[in-house]
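Dear colleague,

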Amino acid sequence: AAGGSYGGGGGGGASKPVPMSRAALAVHEAACQMIDEHRRAWGGSHCVRCAKPVYAMERQLARTHRGDNLIFHKACFRCEDCGTLLRPDSWEVHGDAAALEAGRGALLCRVHFAARVQAEGGNSS
């Protein structure tokens, strides 16, 4: 059989890639962009607290009031001051998501968040 079609044949060499139509290329690029946006939105698959990989069964997703998305291990989703495991509706970030990821912010229960805010207000006056 004459060679000339892409991807077929019994030759020993590597097959040539099949050229994509413009429509197929546009769909491919859109899918890649959606995947990249999802990864950026959820911070990849590493825990904000310990920086280790987070697998689906141990994942705790959290969205801040500012719309930042954070990923934690369920065991890492604890108040930094008292160690209490947090619920999705009972936590606050002292600082912002970027500060938390850089180790400058704190994940806190509402009691300790209020205490820190009050202490800062008392120190600044």
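Is F72 buried or exposed? F72 is buried, with a relative accessible area of 0%; buried means under 20% relative accessible area, exposed over 50% and partly exposed in between, with a 1.4 Å probe and protein chains only.

The model is predicted: local features need pLDDT of at least 70, side-chain atom pairs count only at pLDDT 80 or more, and totals for chains, interfaces and linings use all residues. Residues are numbered from 1 along each chain as its sequence is written, and side-chain values use heavy atoms, with hydrogens and water left out.

Rings of Phe, Tyr and Trp (its six-membered ring) pair if their centres lie within 6.5 Å; planes under 30 degrees apart count as stacked, over 60 as edge-to-face and the rest as tilted. The count by this rule is 2 aromatic pairs. F72 and F77 make a tilted pair, 5.2 Å centre to centre with 55° between the planes. F77 also pairs with W91 edge-to-face, at 5.7 Å and 70°. This second pair links distant parts of the chain, 14 residues apart: F77 is in the loop between strand 2 (69-73) and strand 3 (91-94), and W91 is in strand 3 (strands are DSSP runs of E, at least two residues, numbered from the N terminus). Both F77 and W91 are buried, and F72, F77 and W91 form one aromatic cluster.

H73 is placed in strand 2 and is buried, with a relative accessible area of 10%. Its side chain reaches the backbone oxygen of P53 at 2.9 Å.

Yours sincerely

Technical notes
Helices (H or I, at least four residues) and strands (E, at least two) are DSSP runs, numbered from the N terminus. A polar contact is a pair of N or O atoms within 3.5 Å; within protein, one must be able to donate a hydrogen and the other to accept it, and residues adjacent in sequence count only if both atoms are side-chain atoms.
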